[in-house]
Amino acid sequence: MDIEVVAQLRTERGKNEARRLRQQDMVPAVFYGPGAQPRPLTVPLSRMEKLFREMGEEEKLLNLIIEDGTTRDAKHVMLREIQVHPARRQLLHVDFYEVAMDQAVEVHVLVELKGKPVGVEKGGSLNQLARFLTVRCLPGAIPEKVEADVSGLEIGQTLHVSDLVSLVAFELVDDGGLPVATIEAPEGGTEEASPEAAEAAAKKK
């Protein structure tokens, strides 16, 4: 289900108007996209703060309702840019970018590690190296997370993006060699060499 955000169309622009809006706990915003005429908007600060708490660092499809006093215009959008004051951490401006539902987009999706690795049961420790991966899919098919099964990892082994490509129903954009998770040897212990490491060592002899 889309997350709904209601915004008001505004006619006044400029720094003074933006400052006035922020003093009223409103956030200046803009709607734009391919073939769409930019529209200046205002959104309640409380709604945006709630939205960011719900979304965290994830990228989600939003249902933006633009009201002008007489009409309500619904648009499918994603957050393109968020401006925050560096010192006060005050939300200054938000960009809503319109997306076409039949055209793929690239988004950052949270990685969730699943299973208890064999290496952890042997005393190793699981280290997650990638918290987010870039996914390419249709806007309506953005996954909530990328699940990565680490149950088969031994001490010294690493799970890479290439290991996940055939297991997910969407395209992973990141380089296949990007490490997602690894099992580190226990402190003071001896790390079991992975097959790749063992082969590399054998070639050096």
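Where is the place of P117 in this structure? The points below take up this residue and several others in turn.

1. This is a predicted model, in which local features need pLDDT of at least 70 and side-chain atom pairs count only at pLDDT 80 or more, while totals for chains, interfaces and linings use all residues. Residues are numbered from 1 along each chain as its sequence is written, and side-chain values use heavy atoms, with hydrogens and water left out.

2. P117 is placed in the loop between β7 (105–114) and α3 (118–121), where helices (H or I, at least four residues) and strands (E, at least two) are DSSP runs numbered from the N terminus. P117 has a relative accessibility of 3% and therefore counts as buried, on a scale where buried means under 20% relative accessible area, exposed over 50% and partly exposed in between, with a 1.4 Å probe and protein chains only. Not counting residues up to four places away in sequence, P117 touches L126, V150, S151, L153 and I183, contact meaning heavy atoms within 4.5 Å. N16 and P117 are 101 residues apart in sequence, and their C-alpha atoms are 57 Å apart in space.

3. I183, one of the residues that P117 touches, belongs to strand β13 (residues 179–184). With a relative accessible area of 1%, I183 is buried. Residues up to four places away in sequence being left out, its contacts include P117, G119, V120, L126, L153 and I155. The C-alpha atoms of I183 and E58 are separated by 26 Å, and these residues are 125 apart along the chain.

4. R10 lies in the loop between β1 (3–9) and α1, and R10 is buried, its relative accessible area being 15%. A polar atom of the R10 side chain lies 2.6 Å from the backbone oxygen of L41. Leaving aside neighbours within four places in sequence, R10 is in contact with L21, P28, A29, P40, L41, T42 and H93. From R10 to R53 there are 43 residues in sequence and 26 Å in space, C-alpha to C-alpha.

5. E67 lies in strand β4 (residues 62–67) and is buried, with a relative accessible area of 18%. The side chains of E67 and Q8 are joined by a polar contact of 2.6 Å; such a contact is a pair of N or O atoms within 3.5 Å, where within protein one must be able to donate a hydrogen and the other to accept it, and residues adjacent in sequence count only if both atoms are side-chain atoms. Besides Q8, E67 touches V6, A7, L9 and R72, not counting residues up to four places away in sequence.

6. A74 is in strand β5 and is partly exposed, with a relative accessible area of 46%. Residues up to four places away in sequence not being counted, A74 touches N63, L64 and I65. A74 and P186 are 112 residues apart in sequence and 54 Å apart in space, C-alpha to C-alpha.

7. Which elements give two or more residues to the lining of the second largest pocket? The pocket has a volume of about 190 Å³, and the elements in question are α2 (45–55) and β5 (72–84), with β5 giving the most, at 5 residues. A pocket is an open set of points on a 1 Å grid over the protein atoms alone, where a 1.4 Å probe fits, with protein on both sides within 12 Å along at least five of seven lines, and lining residues have an atom within 4 Å of a point. Grid points are joined across faces, edges and corners, and the volume is the space filled by probe spheres set on the points. Among the lining residues are F52, M55, E57, K60, R80 and I82.

8. The count comes to 1 aromatic pair, with rings of Phe, Tyr and Trp (its six-membered ring) pairing if their centres lie within 6.5 Å, and planes under 30 degrees apart counting as stacked, over 60 as edge-to-face and the rest as tilted. The rings of Y32 and Y97 have centres 5.5 Å apart and planes at 70 degrees, so the pair is edge-to-face. Because Y32 lies in strand β2 (residues 26–33) and Y97 in strand β6 (residues 91–98), the pair ties together parts that are 65 residues apart in sequence.
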